[in-house]
Amino acid sequence: MKFNSPMIVVTDMERSLAFYKQVLGLDVILDFGANKTLTGGLALQTIESYQGFIGTSDISFGGNCFELYFEEDDFDTFADTLGKCGIEYVHPIKEHSWGQRVVRFYDPDRHIIEVGENMGAVCRRFLGSGMTVEQVAERMDVPIDYVVSNIKLDK
């Protein structure tokens, strides 16, 4: 068994495609009509077809119990762009205790999208502020090897 991809149900495929393209830069890589797979592996399914699959019209949106998580290397630029997209925020940008900045917002069907600063970028930001690798590890509450591996992965 292997996990293949997340699939979310959408009420308006064209509106959702426009949102994921404009806000997250995703493109359609497979088009099966009522199901479209986007770059990164996210699949969108029309509500009508999904109702047929599960045999009920009882589908709810906006439960705040699930999110799609993305990471961004250039978080500041993304945050500036996001502010111009007219999205509905779950919360504004915040910094978690380990130093990663994140923002959560809703897609057109109220699925939560989280975009977090890439962890390598967090390490670089702290190192750029004058912290040592050891201090970054302590600040992020991670092993030193984690910081070192993230720096190496970024190069």
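## Reading a predicted fold, one feature at a time

Biologist: At 0% relative accessibility, Val102 counts as buried. Where in the protein is Val102 found?

Modeller: Before we start, please keep in mind that this is a predicted model. Val102 belongs to strand 7, which covers residues 101–106. Buried means under 20% relative accessible area, and Val102, at 0%, falls below that cut-off.

Biologist: Which residues is Val102 in contact with, leaving aside its neighbours within four places in sequence?

Modeller: Its partners are Phe75, the group His91, Pro92, Ile93 and Lys94, then His96, and finally Glu114, Val115 and Gly116. Take Val115 as an example: 13 residues separate it from Val102 along the chain, yet the two C-alpha atoms are 5.6 Å apart.

Biologist: Strand 7 also holds Arg104. Is Arg104 buried or exposed?

Modeller: Arg104 is buried, because its relative accessible area is 16% and the cut-off is 20%. Beyond four places in sequence, Arg104 touches Glu67, Tyr89, Val90, His91, Lys94, His96, Ile112, Ile113 and Glu114.

Biologist: Let me try a residue from another strand. What is the relative accessible area of Tyr69?

Modeller: Tyr69, in strand 5, has a value of 38% and is partly exposed. Its contacts beyond four places in sequence are Gln100, Glu114 and Gly116.

Biologist: Could we step back to the whole protein? How many helices and strands are there?

Modeller: There are 6 helices and 8 strands. Reading from the N terminus, the order is β-α-β-β-β-α-β-α-β-β-β-α-α-α. The C-alpha trace spans about 55 × 40 × 25 Å along its principal axes. Of the 155 residues, 40% are buried.

Biologist: What share of the contacts with a separation of 6 or more comes from residues 24 or more positions apart?

Modeller: They account for 51% of those contacts.

Biologist: Now for a helix. Which residues of helix 3 are buried?

Modeller: Helix 3 runs over residues 75–82, and its buried residues are Phe75, Phe78, Ala79 and Leu82. The next step is to look at where they point: they cover an arc of only 100° around the axis, so they sit on the same side of helix 3. The elements covering these buried residues include helix 1 (13–24), strand 5, strand 6 (88–95), strand 7 and strand 8 (112–117).

Biologist: How should I describe two helices that pack together?

Modeller: Two packed helices are described by the angle between their axes and the distance between the axes. In our case, helix 4 (residues 119–128) packs against helix 5 (residues 133–140) at an angle of about 125°, and the axes are 9 Å apart. That angle makes helix 4 oblique to helix 5. The crossing of helix 4 with helix 5 is right-handed.

Biologist: Which residues make the contact between helix 4 and helix 5?

Modeller: From helix 4 come Met119, Val122, Cys123, Phe126 and Leu127, and from helix 5 come Val133, Val136, Arg139 and Met140. By type, this contact has 8 nonpolar residues, no polar ones and 1 charged residue.

Biologist: And what is buried in helix 5?

Modeller: Val136, Ala137 and Met140 are buried there. They cover an arc of only 100° around the axis, which puts them on the same side of helix 5.

Definitions and conventions: Residues are numbered from 1 along each chain as its sequence is written. This is a predicted model: local features need pLDDT of at least 70, side-chain atom pairs count only at pLDDT 80 or more; totals for chains, interfaces and linings use all residues. Side-chain values use heavy atoms; hydrogens and water are left out. Axes are lines fitted to C-alpha atoms, for helices over the stretch in contact, and angles run from 0 to 180 degrees between N-to-C directions. Helices (H or I, at least four residues) and strands (E, at least two) are DSSP runs, numbered from the N terminus. Angles under 35 degrees count as roughly parallel, over 145 as roughly antiparallel, 65 to 115 as roughly perpendicular and the rest as oblique. A crossing is left-handed if the near helix is turned anticlockwise from the far one by less than a right angle, and right-handed if clockwise. Contact means heavy atoms within 4.5 Å. Ala, Val, Leu, Ile, Met, Phe, Trp, Tyr, Cys and Pro count as nonpolar, Asp, Glu, Lys and Arg as charged, and the others, Gly among them, as polar. Buried means under 20% relative accessible area, exposed over 50%, partly exposed in between (1.4 Å probe, protein chains only). The arc is that of the directions from the helix axis to the C-beta atoms.
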